[in-house]
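Please view the sequence and the structure together while reading.

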Amino acid sequence: MIFSALWRLLLQAVPVLFTVTLIVFALVFLAGDPTVMMIPDQASEADRLAMVAAWGLDQPVHLQYLNYMRNLLHGDFGTSYRYGSSALPIVLERLPATLLLAAASMLVAVLIAVPAGMAAALRRGSWVDHAVSGVAVLGKAMPNFWVAIMLILVFGVSLRWLPVSGSGTWAHLVMPALTLGTAFAGDLAKLVRASMLETLSQDYMRTAYAKGIPDWLVIGKHALRNAAIPTVTMTSLHVVALLGGALVTETIFAWPGLGQLIVQAINTKDMAVIQISVLVITAMTLLVNFLTDVVYRLIDPRMKL
Amino acid sequence: MPTSRRIFLKNAAASASVAALPFALPQIAFAAGSTTLTIAQSNDILSLDPANHENNSTQSALVNLYEYLVNKEFPNGKMVFTPALAQSWKQEDPRTWVFELRSDVRWHDGKPFTADDVKFTVERMKGNPKLLSAVEKFRSVEKVEVLGPHRVRLVTSKPDPLFLHNFVGNGGSILPQHAFQAAGSEEAFFAKPIGTGPYRFVEWKKADRLVLARNPQWWGGAPHWERVVIRAIPETATRVAEALSGGVDLAVNIPPEDIGRLKSNADTGIVAFNIARNFGLHLRTEPGVVTHDARVREAIDLAINRQELADVVADGYATATRGLFPPEIPNANTRLTATNSFNPDKARQLIQAAGAKGAKIRFGSPSGRYIKDREVSEAIVGYLQDVGLNAQLEVQEWSIYNARVGSDSHGEIYFWGMGSYTDASFILNMGSLKRFNPHWKNAEFERLAAELPATTGEKERQAIIWRAQEIITQDRARIGVLYPKAIYSVNKRVQFAGRFDEMIPAEQVRRA
Amino acid sequence: MSGVVLNTGTALQADAPAVAAQPSRLRHFLRALWRSRSGRFGALLLLLILLATLGADLLPLADPVKRHLSLRYLPPVWLDKGQWAYPLGTDGQGRDMLARIIYGARSSVMVGLAAVALSGAIGVAIGVLAGLRGGWLDQVLMRVVDAILAIPAMLFMLVVALVAGAGLAPLIVVIALTNWVIYTRIARAEVLRVKELEFVAAARVSRVRSSRLLLRHILPNILPALVVVATLNIGTVILTESSLSFLGFGIQPPDISWGQMLADGRQQLATSWWISTFPGVALTATVFSIILLGDWLRDYLDPRLP
C-alpha cells in the first residue's frame with residue numbers, strides 16, 4: 001500500500017518537475033542576459049561578449065535548455081553566476097534555516113490558534129468568540145513585512161529583549177516565527193472553531209455527555225480528532241506557502257534561508273540557483289502533499305486516497 | 001625612465017611615513033570586554049575568491065584574509081602607494097618592473113610566501129576569462145619571471161602608467177600556489193582558503209556571516225582582535241537597529257535620517273567620509289531626441305541646484321560638483337566645481353530658444369542601489385520641470401535598470417553612480433564609455449583617447465585626461481552632480497575613520 | 001494561495017434561477033447584509049474606502065506629488081511640530097501623507113479588481129474547457145496547473161516580473177498569470193459535477209448546443225462560489241501587490257501605491273513612523289473589510305458551511 005502510494009507520488013512528481021524546469025527556464029531566459037550585471041564598469045562590450053561566450057550564453061536557446069537538462073540528469077546542477085560556484089550546495093546550505101523557520105512558525109500558529117479556536121467554539125456568540133474572529137481576520141489582513149518591522153522596533157530596539165536580525169540562537173528565531181505564525185494563526189483558529197462547533201453539535205456528543213463522561217474527555221477525544229483532518233489540510237497548505245514564501249520576512253530579519261537567496265538570485269538572473277531553488281521547493285511541496293495524504297490515512301483509515 | 005624613478009622616490013618617502021603609521025600608534029592594551037570585532041555590511045559576501053566578485057562589500061572583508069603587493073592610501077586627500085607584501089619596487093625600463101618581496105611572510109598554513117605565488121596569481125587570472133576581475137587586472141602583463149624566492153620581474157606588452165594598480169584592489173590579492181595545487185580544485189581551495197593576512201578563515205555561512213580569527217604569525221605584528229565577524233544585513237532598518245542595540249560595532253551605509261538617533265544613542269556615533277563614487281547623469285545625444293540639441297543639454301545642466309541637493313536631499317553628506325571623479329582620484333579635473341553652475345533663468349531661456357518647452361524627457365533612476373539615489377533623481381526631475389521640461393521619472397528595480405543600460409533602452413537621461421576606479425583616465429576607456437553612452441561622438445575626445453596610451457609624461461598625461469573630462473562635461477554627455485559621502489555607524493568602544501576605498505581592514509579599527 | 005477550501009460538493013441547488021421575482025432577491029441580500037454585524041461593518045468600511053478612492057479629485061486634498069523640500073518629515077497634526085495643512089504628516093520629499101494614502105488606494109483597488117478579473121476570466125475559461133472536453137487536454141491542463149501551484153507564488157511572480165518589467169500593467173499581468181489557477185480548480189470541479197445532473201443530461205439528449213449548455217446551466221451554478229473566492233482573492237491580491245512593491249518590483253514612482261509607501265518609510269520607522277504606519281493601517285483596513293465581506297458572502301450563499 002505504501003509502495004503503491006510512493007509509486008503514484010513518483011508518477012505525479014516527474015511530469016510536474018519537468019514542467020517546472022521548462023517554465024522557469026523559459027522565464028529566466030526571457031528575462032535577459034545576466035552578464036550585464038556581472039561585469040564591472042570598466043569592461044567593454046568586447047569583454048562582455050567574451051564572458052557571454054565563456055558561459056555558453058550565446059548558444060541557441062533550445063541547445064542551452066538541452067544542455068542544462070542533460071547536465072541535470074548527470075548530477076551537475078549548474079554554476080551560480082553570482083557566487084561562481086556550484087549551485088546545489090548553495091541552495092541546500094540554506095534549506096535548514098528555512099525549514100527551521102517554517103517549523104517554528106507552524107508551532108507559533110498552532111499554539112495561538114488551537115486554544116483560541118477552542119475557546120471561541122466553547123463560548124460561541126460571546127465576546128470571546130467575536131474577539132477571536134476579529135483578531136483572526138486582522139492577522140490575515142496585516143502585511144507581514146509591516147508586522148516584522150514593528151516587532152523589531154518594539155522588541156529589538158526599544159525593549160532590547162531580542163536580537164534584531166541574523167540567526168544562531170533560539171532568540172533569533174522568535175520574531176521571524178512570530179511574524180509568519182501570526183499571519184495564518186487566524187485561519188487556523190477559525191478552522192479549529194468551525195470543526196469543534198460541528199463536532200460539538202453531533203448526536204454522539206450528547207450521548208457521551210448523558211453518559212456522564214467528563215467534558216474535557218469528550219471534547220479532547222472526539223472534537224479534536226475530527227478537527228484534525230481539516231487542520232492537517234490547512235497546515236500542509238501553509239507549510240507549502242512558507243517553504244518558498246517567507247521571502248520578505250527573511251530579508252527583513254537577515255534570516256539566511258532559501259527565500260532570501262531566491263530574491264537575490266532573481267535580482268541577478270542567476271539561472272542555476274533559481275532553477276535549483278524552484279525544483280527543491282517543488283519537490284518538497286509534492287513531498288508534503290504526499291505526507292499529508294499519509295497522515296489522513298493514519299487519522300481516518302476510511303478515507304479513500 | 002627618470003620620471004618614474006622620481007615618482008618612485010617621492011612615493012617611497014611618503015609611503016615610508018604612511019606605512020609606519022599603524023605601527024607608530026601605541027598598542028592599546030585590551031580593556032575588559034569583547035575581543036571580537038563585528039562589522040555589518042549592506043551586501044552579502046559573494047565569494048571567497050578575491051578575483052571573482054567585483055563587489056566592494058566582499059573585498060572589504062577579504063582584505064583581512066588576503067593581501068596585496070602594495071596598498072593604496074589617501075593621506076591629505078591624495079593617493080599614494082605604500083609597501084605591503086612588496087617591500088620595494090622599481091621600474092627598470094618602460095615595460096619592466098621588479099618587485100622586492102618581504103621575506104618574513106608566511107601563509108596561514110605556515111609555508112613561506114614566495115615570488116612563485118605572485119607568478120601563480122597573475123597567471124591564474126590571465127588563464128581564466130570567466131573570472132570577473134580578469135577584465136581589469138593584469139591585462140597589460142605579458143610575462144612574469146621569478147628571479148629569486150623574493151624577487152619577481154614583470155614585463156608588460158606596452159608601457160602601462162597604471163601598472164601598480166594591478167596589484168591592489170579587487171583581483172589583486174595574492175593567492176598561494178602550493179595550497180591550490182594541494183587542494184586539487186579551485187572549489188576545494190576556497191572551501192577553506194588561506195592567505196597571508198592578519199586574520200585567517202574560520203567559517204563562512206553564506207548570507208549570514210564570515211568569521212575570521214587572529215593570525216598570530218602575521219608579519220605586521222600580533223593582530224588586535226581575536227575574532228572578526230562580518231555580517232551581511234542588507235535591510236537598512238535592521239542594520240541600523242543592530243548598530244543601536246550594540247549588536248555590531250561598525251555598520252556601513254547609514255542613511256542620513258538615522259544619524260540623529262545614532263548620535264543621541266549613548267553607545268554609538270557616526271563617521272562620514274569621502275569615497276570613490278560620483279553621482280552623475282548620462283544623456284542621449286543622438287539625432288531624433290530632445291537632448292540632441294546642445295542648448296537643451298546645457299539647460300538641463302544649469303537647472304540642477306546641486307548645492308540644494310547636497311545640503312537638503314543628502315542632508316549635507318555629499319559634495320556638489322560638476323566633475324566625474326572625486327579629487328582624491330589621480331588626474332581628477334578639480335576645476336569642474338559646482339560654483340555658478342545653477343542658473344535656472346538661463347536654462348529657461350535656452351529651452352525657449354531651442355523650442356523645447358514642454359518637451360517630454362524620460363528620466364531613469366534606480367531605487368535603493370545607492371543611498372538617496374531615488375530622492376536625488378526625484379529632486380532633479382523637479383528642477384527640470386521648473387525650467388519648463390516635461391520630465392518624467394522612471395524608477396526601475398536594479399536588475400531591470402541595468403538591463404536597460406545594456407540594451408540601450410533608457411530614456412533621454414539616466415542616473416548612474418560610478419565608483420571605485422583607479423585613475424581618471426578611466427574616462428578615456430572607450431570600450432566602457434560606449435556601453436554607457438553608446439551614441440556620443442566627439443572627434444577631439446576620440447583623438448585624445450588614441451593619444452593617451454602612447455603618452456608617458458606625467459604632466460602630459462594629466463593634460464590629456466583633464467581635457468577629456470572637460471570635453472565630456474562641456475558637451476553634457478555626462479553631467480556630474482554629487483560626490484556622495486559614506487556614512488558608517490561606529491560603536492564608541494572602537495575607533496575607525498573610514499577609508500576612501502571603502503575597505504574595512506580590522507587592523508585599522510582600534511579600540512577606543 | 002488564498003487558503004480557501006470550498007466545499008462545492010454539497011450546497012448549491014440547481015433550482016436557483018426558476019423561483020421568485022428578481023427584486024426581492026436583492027432586497028433579501030441587502031437585509032441579510034445589514035443584519036450581520038461583521039457583514040455590515042465590512043461593507044461600510046469598504047464603501048467608505050471606495051468612495052474616497054473614486055471621489056479623491058473632489059476632496060480638498062493637497063497635491064500628492066508636489067514636493068516641498070522644506071516640509072520633509074512633518075509629523076501628524078496631533079504631534080509636536082505638526083501642521084493642520086498636513087494632517088497625517090509628510091514623507092521624505094515633503095509630500096502630504098493623507099493625499100497620498102487616498103490616491104494610493106486607487107492603485108490597490110485597480111490592481112485588485114483588474115488582476116482578479118483577468119485571472120478569473122483565464123482561470124474559469126481554462127477550467128470549464130478542461131471540464132467539458134476532458135481527455136488528454138484535461139490532463140495536460142491540470143498538470144500545468146499542478147506545476148504552477150507547486151511553485152511558490154511569490155517566487156513565480158518575481159521571475160515573471162523579471163520578464164514583464166515593473167509598473168502597473170505588467171504587475172496586473174504578473175499577478176494574473178499566477179493567480180488564475182485558483183479559479184480553474186473550482187470551475188472544473190463544478191463543471192464535472194454539473195455534467196452529471198439530470199437536467200443537463202436531458203438537455204444534451206435534446207441536442208441543445210454545448211455553448212448554450214454552458215451559459216444556461218453551468219455558469220450560474222459556479223457563480224456564487226466564484227464570487228466568494230474572487231472577493232477574498234481581491235484582498236490577497238492587494239497584499240501581494242504591496243509585497244511586490246515592497247521588494248521593488250511593483251508599482252513604481254511617480255505612481256503611488258501603499259506597498260511602495262510602506263517600503264519608502266521602512267528606514268525611518270523609529271523617527272518618522274507615520275510614513276509606513278498609515279499606509280499599513282490603510283492596507284490592513286481595506287483587506288480586513290474585504291475579508292469580512294467575503295466571509296459573510298460565503299455564509300450567505302451557503303449557510304450550511306460553519
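## Helix α9 of chain B

Helices are DSSP runs of H or I with at least four residues, and they are numbered from the N terminus. The model discussed here is predicted. Just after α9(B), the residue B:Asp315 adopts a positive phi of about 55 degrees.

Helix α9 of chain B spans residues 306-313, and its buried residues include B:Arg306, B:Leu309, B:Ala310 and B:Val313. These residues lie on the same side of α9(B), because they cover an arc of only 115 degrees around the axis. The partners against which the buried residues of α9(B) pack are β14 (318-320), α11 (373-386) and β18 (478-491) of chain B.

Strand β10 of chain B, residues 227-232, contains B:Val228. Is B:Val228 buried or exposed? A residue is buried if 20 or more other C-beta atoms lie within 10 Å of its own; B:Val228 has 28 C-beta neighbours inside 10 Å and therefore counts as buried.

When neighbours within four places in sequence are left aside, B:Val228 is in contact with B:Leu37, B:Asn64, B:Tyr199, B:Leu212 and B:Ala506. The C-alpha atoms of B:Val228 and B:Val202 are separated by 9.8 Å, and the two residues are 26 residues apart along the chain.

## Where chain C touches chain A

In chain C, 35 residues are in contact with 43 residues of chain A. On the side of chain C that touches chain A, at least two residues each come from α4 (135-150), α5 (153-164), α8 (210-246) and α10 (274-301) of chain C. The residues of this side comprise 26 nonpolar, 6 polar and 3 charged.

Conventions
Residues numbered from 1 in each chain as written. Chains lettered and ligands numbered in written order. Predicted model: local features only at pLDDT ≥ 70, side-chain atom pairs only at ≥ 80, totals over all residues. Contact = placed C-beta atoms within 7 Å. Nonpolar A, V, L, I, M, F, W, Y, C, P; charged D, E, K, R; others polar. Buried ≥ 20, exposed ≤ 12 C-beta atoms within 10 Å, placed from the backbone. Arc of directions from axis to C-beta.
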